[in-house]
Amino acid sequence: MLTRAADPPDLTQLEAMAAQLAASGHYRVLRRIAPRPAVTPPLGTPTRLGLLLDLETTGLDAAQDEIIEMAMLPFTYGLDGTVYAVGEPFSRLRQPTRPIPPAVTALTGLTDEQVAGQQIDPAEVAAFIAPAALIIAHNAGFDRRFAEAFCPAFAEKPWACSQRGIDWAAEGFEGSKLSYLAMRHGLFFEGHRARHDCEATLEILARPLPASGVPGLARLLEGARQPRWRIWATDAPFHHKDRLKARGYRWNGEGTGATRAWFIEVAEAERAAECAFLCQEIFGRELEPLMQRITALERYSVRG
């Protein structure tokens with residue numbers, strides 16, 4: 001005997017079920033990230049075009065590994081961090097010169113067969129990013145190096161990092177990994193593909209932060225607009241390495257931008273105090289530490 005399958009519940013029914021589960025205190029409900037509806041800015045509101053960028057690559061070394069997927073998601077935003085409208089994404093695959101490592105395929109799902117014959121045109125990329133006022137990546141220190149090596153036009157744009165450019169701990173989060181941030185916002189997405197990561201990052205940035213109540217994008221823009229100072233503890237005595245590390249210094253093992261040394265990035269208001277710390281606590285004498293002013297144009301770049 002043939003029976004007719006029951007019609008699936010509509011979204012209103014599903015939301016009512018989700019609300020009931022959440023209200024019970026025994027469940028937390030995650031909602032799939034959906035396309036954001038466009039919002040018309042109030043008359044006279046200045047807006048800018050931003051780009052979310054994410055890359056999938058064959059490895060972690062921008063000097064040797066290659067891009068196999070590039071996605072960019074354009075969106076308009078107000079100077080206060082309000083997201084207004086999302087444009088059509090740029091999403092391309094690219095065949096590398098060597099086979100994709102099995103670990104990368106396991107992580108991303110991308111296979112040699114999927115990318116066979118696929119190319120990304122640097123000229124098309126340059127034209128796509130030309131109108132952007134800001135490029136955002138969730139690990140800009142990684143993505144910017146690959147992006148600039150592939151298309152020099154990326155070096156001409158200011159960048160911001162949604163992973164490091166927001167004080168997630170101050171907002172009550174225990175980490176800054178994209179999947180964790182999405183989960184804490186009650187969201188989920190198909191991770192480890194470039195376009196999905198862009199959509200997830202934008203949705204998180206568009207929502208109010210739990211402690212401050214402002215959109216995540218507002219905090220990100222606030223930090224991106226402020227220049228910082230990279231201060232080097234060149235030739236610091238070896239026995240002070242643990243003290244430097246505890247204070248937030250990082251080791252520049254590649255020797256780029258300066259000799260191999262410990263360094264830290266601080267705000268303008270903290271520069272004098274940091275120099276005093278190095279003189280008094282690390283070197284025990286007056287000196288002028290090597291310093292570099294970093295803006296969003298240089299931040300996360302191989303030039304920075």
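This is a predicted model: local features need pLDDT of at least 70, side-chain atom pairs count only at pLDDT 80 or more; totals for chains, interfaces and linings use all residues.
Before I start: by contact I mean heavy atoms within 4.5 Å.

**Entry 1, helix H8.** I looked up which residues of H8 are buried, and got Gly216, Leu217, Ala218, Leu220, Leu221 and Ala224. Then I asked what covers them: the list includes S3, strand S4 (83-86), S6, strand S7 (159-161) and H7.

I went for the largest nonpolar core next, and it has 31 residues. Leu217 and Leu220 turn up again here, among the residues with the most contacts inside it, together with Leu52, Phe75, Ile136 and Trp168. Two or more residues each come from strand S3 (67-78), strand S6 (134-137), helix H6 (178-184), helix H7 (194-206) and helix H8 (216-225). H7 gives the most, seven residues. Apart from this core I found another, of 24 residues, including Met70 and Trp159.

I skipped its neighbours within four places in sequence and checked what Ile136 touches. Its contacts include Leu52, Phe75, Leu217 and Leu220, plus Ser162 and Leu205.

My search of the whole structure gave 15. I picked out Arg36 with Glu203, at 3.0 Å from N to O. Arg36 sits in the loop between strand S1 (31-32) and strand S2 (47-57), while Glu203 is in helix H7, 167 residues apart. Glu203 counts as buried because its relative accessibility is 8%, whereas Arg36, at 29%, is partly exposed. Arg207 joins these two in a network of salt bridges.

Technical notes:
Residues are numbered from 1 along each chain as its sequence is written. Side-chain values use heavy atoms; hydrogens and water are left out. A nonpolar core is a set of buried Ala, Val, Leu, Ile, Met, Phe, Trp, Tyr and Cys residues joined through side-chain atoms within 4.5 Å. Buried means under 20% relative accessible area, exposed over 50%, partly exposed in between (1.4 Å probe, protein chains only). Helices (H or I, at least four residues) and strands (E, at least two) are DSSP runs, numbered from the N terminus. A salt bridge is a side-chain nitrogen of Lys or Arg within 4 Å of a carboxyl oxygen of Asp or Glu.
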